[in-house]
Amino acid sequence: IFFKSILFGITPPFLAHSYKFVISFLLHLSNWLLFASGLYYNKDMEKSIKILVISNTKGNIGPILTALDKEHPDVIFHLGGGVRDLSELNFRGKIYAVRSGGEFGKRLPTATKISFGSEMMLLSHGDGWSIKDKQKLADFAAAQGATLLLVGCDDEPTYFEQNGIKFICPGSLHDRMTATYAGIEMDEAGGLDIQHRKLIDA
């Protein structure tokens with residue numbers, strides 16, 4: 001009965017609840033395996049989305065809360081340098097984080113890839129990298145199949161494009177008076193609006 005039901009798309013009443021549970025479990029398991037492998041397919045990519053990109057918070061929760069209040073994002077990217085600060089947030093959206101080489105804990109990767117629309121985003125703290133070496137960064141991103149590289153290794157907010165690869169460094173969100181972050185808005189068609197913002201407007 002079970003296999004005939006699967007074949008013809010009919011679920012017997014006595015299997016309905018368990019069948020839905022199994023499907024739900026398998027979907028969550030597949031997402032977890034993709035995330036663990038460093039390649040996460042995001043089901044929200046068919047709608048417009050707003051991403052807050054932060055780095056180097058280093059225990060200062062206040063600036064994060066201010067940025068959240070100003071931007072109202074759907075997603076947070078934390079690029080290392082204080083990822084434990086995320087545990088203090090009451091944020092209902094999705095959070096993707098990578099750790100720097102100096103941060104303890106193996107649960108978070110040092111780099112991960114996330115697909116949003118037509119963009120393959122590669123997140124890394126970028127330990128040992130120089131944001132001035134544009135060609136090296138572009139080559140690294142291209143080798144990983146990424147179209148957008150986000151790193152948090154520098155306190156200077158930076159954006160450039162090299163050989164078709166977009167590069168974002170949000171700067172540091174630690175010092176409230178000089179704190180910066182980046183915002184990414186992607187529309188339904190996959191168009192990107194990328195901006196750096198100061199936490200406190202001059």
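This is a predicted model: local features need pLDDT of at least 70, side-chain atom pairs count only at pLDDT 80 or more; totals for chains, interfaces and linings use all residues.

Student: Which residue takes a positive phi in the hairpin of E8 and E9?
Tutor: Asn163 does, with a phi near 55°, and the hairpin has 2 residues between the strands. Strands here are DSSP runs of E with at least two residues, helices are runs of H or I with at least four, and both are numbered from the N terminus.

Student: OK, how many bridges join E8 to E9?
Tutor: There are 5, and the two strands run antiparallel. Pairing means that DSSP finds at least two bridges between two strands. Phe160 stands opposite Phe167 in E9.

Student: And which way does E7 pair with E9?
Tutor: Parallel, over 3 bridges. Leu150 has Ile168 in E9 as its bridge partner.

Student: How many residues of E9 are buried?
Tutor: 5 of the 5, so E9 is largely enclosed by the rest of the structure. Buried means under 20% relative accessible area, exposed is over 50% and partly exposed is in between, using a 1.4 Å probe on protein chains only. Both faces are covered: Ile165, Phe167 and Cys169 sit on one side, with Lys166 and Ile168 on the other.

Student: Back to Phe160, then. What lies over its face?
Tutor: Lys134, at 5.0 Å from the ring centre. The test wants NZ of Lys or CZ of Arg within 6 Å of the ring centre and within 35 degrees of the ring normal.

Student: New topic: H4. Which of its residues are buried?
Tutor: In H4, residues 134-143, they are Leu137, Ala138 and Ala141. Looking down the helix axis, these buried residues fall within an arc of 100°, so they line one face of H4. That arc is taken from the directions from the helix axis to the C-beta atoms.

Student: Why would residues spaced like that point the same way?
Tutor: An α-helix has 3.6 residues a turn, so residues three or four places apart point the same way.

Student: What covers that buried side?
Tutor: The cover includes strands E6 (119-124), E7 (148-151), E8 (158-162) and E9 (165-169); a contact is heavy atoms within 4.5 Å. On the face turned away from the buried side, H4 carries the exposed residues Lys136 and Ala143. After H4 comes Gly145, with a positive phi near 75°.

Student: Now the open sheet. What's the strand order?
Tutor: E4-E3-E2-E10-E11, 5 strands with mixed pairing. E4 (94-97) and E11 (192-198) are the edge strands, each pairing on one side only. On average, neighbouring strands are turned by 20° against each other, direction ignored.

Student: Which helix packs on it?
Tutor: H3, residues 61-71, which touches E2 (49-54), E3, E10 (180-186) and E11, and its direction makes about 160° with that of E2. Axes are lines fitted to C-alpha atoms, for helices over the stretch in contact, and angles between N-to-C directions run from 0 to 180 degrees.

Student: Zoom in on E3. What are its bridges like?
Tutor: E3 (residues 75-78) pairs with E4 in the parallel sense over 4 bridges, and Val75 has Lys94 in E4 as its partner. E2 also runs parallel to E3, joined by 4 bridges, with Leu52 partnered by Ile76 in E3. Val75 and Phe77 point one way from E3, Ile76 and His78 the other, and all are buried.

Student: How many aromatic pairs turn up in the whole structure?
Tutor: 5. Rings of Phe, Tyr and Trp (its six-membered ring) pair if their centres lie within 6.5 Å; planes under 30 degrees apart are stacked, over 60 edge-to-face, the rest tilted. Phe77 and Tyr96 have ring centres 5.8 Å apart and planes at 80°, so that pair is edge-to-face. Phe77 is in E3 and Tyr96 in E4, 19 residues apart. Ring pairs link Phe77, Tyr96 and Phe116 into a cluster.

Student: Last one: is Ser118 buried or exposed?
Tutor: Exposed, at 59% relative accessibility. Ser118 is in the loop between E5 (111-116) and E6.

Methods. Residues are numbered from 1 along each chain as its sequence is written. Side-chain values use heavy atoms; hydrogens and water are left out.
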